[in-house]
Amino acid sequence: MAPSNNMDAFRELLASSRHIVAVAGAGLSAASGIPTFRGAGGMWRKYNAISLATPEGFKANPSLSWQFYHYRRETALRAQPNNAHRALSAFSLPTIRQQISPGSTFTLITQNVDGLSQRSNDQIAAMFPEEGNTADEKLQLIEMHGKLFDVSCTAKDCRHVEYNTKSPITEALGGTELLVEHGTLDPDIPLEDLPRCSKCGSLARPGVVWFGERPFHLDDIDKLVEKADLCVVVGTSSTVYPAAGYAMEVQENGGKVAVFNLDRSEGDEEADYLFLGPCEETLVQAFG
Ligand code: BV8
Ligand code: ZN
């Protein structure tokens, strides 16, 4: 049966759901000016990011890899959360969610590494400081592909990780974001001028999950997906696993799936609901 696009019916489903998970991708941050991977200005095409987002790519050319991640750090630093982030952050707040969907739990599982959902959660929690809404305890956000601003050590016997929003992260990388933006050739930055571990001095890497690497919090995610009776899929092409498989799992367990995307995406014809359009608008209608 083709998916429904009846928003009133979806809001009734939301009100009666008990364990809700959202799986988000780059489309959630598109309205904040963060380029998606596969879209028109997609990063995968312009910088062949699929090869860059791998341990092999980093090993082969840490200078180019760091310029790619420096460019994305600078873009994310200048970006602000948009209404799609805010709609999900508001729904994350117990005092707001209990009015829309009494007694429900909610967790946002994001594939994005830009940190915008965390910033949006912190902003919303600060607006509603009443009991039970403090950011750390109550807002369930899982950044399964890591964080752009985490910098981790490559030395096996160190593995130090720190949250670092310095701009530029090292002098040598300063300004290269403009070169990356225009796709000109990258200067070969010497290893010693790339980010180093502040504890042991070894070469550091971006704290994100590359292809072939194990995503974070998989056990927590599996438990949440197992229990979920509603899976909302937002702004993702649903092409990268294991994230792309969660909606199907919820449906196989008898739960419902609602897809919010600008265009058609992998497997959306199986969804119970499909809302085509910019999620910075459709999520506000659905969760507002
Ligand atoms: C794993 C962080 C094993 C880094 C990312 C062969 C070799 C090795 C692995 C594999 C292999 N074959 C398959 C695999 C598994 C692989 C995989 O799935 N590959 C794909 C390409 C087939 N997966 C992995 O390697 C994962 N790890 O499997 O480990 C393992 C597992 C368990 C236990 C032990 C070991 C790790 C994958 C993580 C890779 N890291 N990001 C970085 O960012 O640089 S992936 C990156 O792309 C994102 O994080 C995201 O996850 C992914 C997909 O991107 P999307 O978010 O969907 O964005 P996209 O541009 O594609 O789509 C945007 C969508 O938004 C579009 O649909 C568009 O229409 C929509 N949109 C745009 N604007 C809007 C909008 N929608 C609404 N409103 C708008 N305004
Ligand atoms: Zn170290």
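This is a predicted model: local features need pLDDT of at least 70, side-chain atom pairs count only at pLDDT 80 or more; totals for chains, interfaces and linings use all residues.
**Exercise 1. Determine which residues come nearest to ligand 1 and describe the shell around this ligand.**

Solution. Next, sort the shell by class: 18 residues are nonpolar, 12 are polar and 6 are charged.

**Exercise 2. Find the polar atom pairs that ligand 1 forms with Ser237, Cys279 and Glu280, then state how much of the ligand is buried.**

Solution. Step 1: take the oxygen side of the ligand. An oxygen atom of ligand 1 lies 2.6 Å from a polar side-chain atom of Ser237.

Step 1: take the nitrogen side. A polar backbone atom of Cys279 is 2.9 Å from a nitrogen atom of ligand 1. For Glu280, an N or O atom of the side chain is 3.1 Å from a nitrogen atom of the ligand.

Step 2: turn to area. Ligand 1 taken alone exposes 1500 Å², and the protein buries 75% of that.

Step 3: assign secondary structure. Helix H5 (62–78) and helix H13 (279–287) are the elements that give two or more residues to the shell around ligand 1.

**Exercise 3. Classify Val232 as buried or exposed, and list its contacts beyond neighbours within four places in sequence.**

Solution. Step 1: locate the residue. Val232 belongs to strand S7 (residues 230–234).

Step 1: apply the cut-off. Val232 has a relative accessible area of 0%, so this residue is buried, the limit being under 20%.

Step 2: list the contacts. With neighbours within four places in sequence left aside, Val232 touches Phe10, Val21, Ala22, Val23, Ala258, Phe260 and Phe287.

Step 3: compare sequence and space. Gly27 is 205 residues from Val232 in sequence, while their C-alpha atoms are 13 Å apart.

**Exercise 4. Locate the cis peptide bonds at Pro168 and Pro242.**

Solution. Step 1: the bond from Ser167 to Pro168 is cis, with omega near -5°. Pro168 sits in the loop between strand S5 (161–163) and helix H10 (176–181).

Step 1: the bond from Tyr241 to Pro242 is also cis, with omega near 0°. Pro242 is placed in the loop between S7 and helix H12 (246–252).

**Exercise 5. Describe the backbone and accessibility of Arg159 and His217.**

Solution. Step 1: Arg159, a residue other than glycine, has a positive phi near 60°. Arg159 is in the loop between strand S4 (146–153) and S5. Its relative accessibility is 47%, so Arg159 counts as partly exposed.

Step 1: His217 has a positive phi near 60° and lies in the loop between strand S6 (204–208) and helix H11 (218–227). At 43% relative accessibility, His217 is partly exposed.

Notes. Residues are numbered from 1 along each chain as its sequence is written. Chains are lettered from A and ligands numbered from 1 in the order in which they are written. Side-chain values use heavy atoms; hydrogens and water are left out. A residue is near a molecule or strand if one of its heavy atoms lies within 4 Å of it. A polar contact is a pair of N or O atoms within 3.5 Å; within protein, one must be able to donate a hydrogen and the other to accept it, and residues adjacent in sequence count only if both atoms are side-chain atoms. Accessible areas come from the Shrake-Rupley method with a 1.4 Å probe; for residues, only the protein chains shown count as cover. Helices (H or I, at least four residues) and strands (E, at least two) are DSSP runs, numbered from the N terminus. Ala, Val, Leu, Ile, Met, Phe, Trp, Tyr, Cys and Pro count as nonpolar, Asp, Glu, Lys and Arg as charged, and the others, Gly among them, as polar. Buried means under 20% relative accessible area, exposed over 50%, partly exposed in between (1.4 Å probe, protein chains only). Contact means heavy atoms within 4.5 Å.
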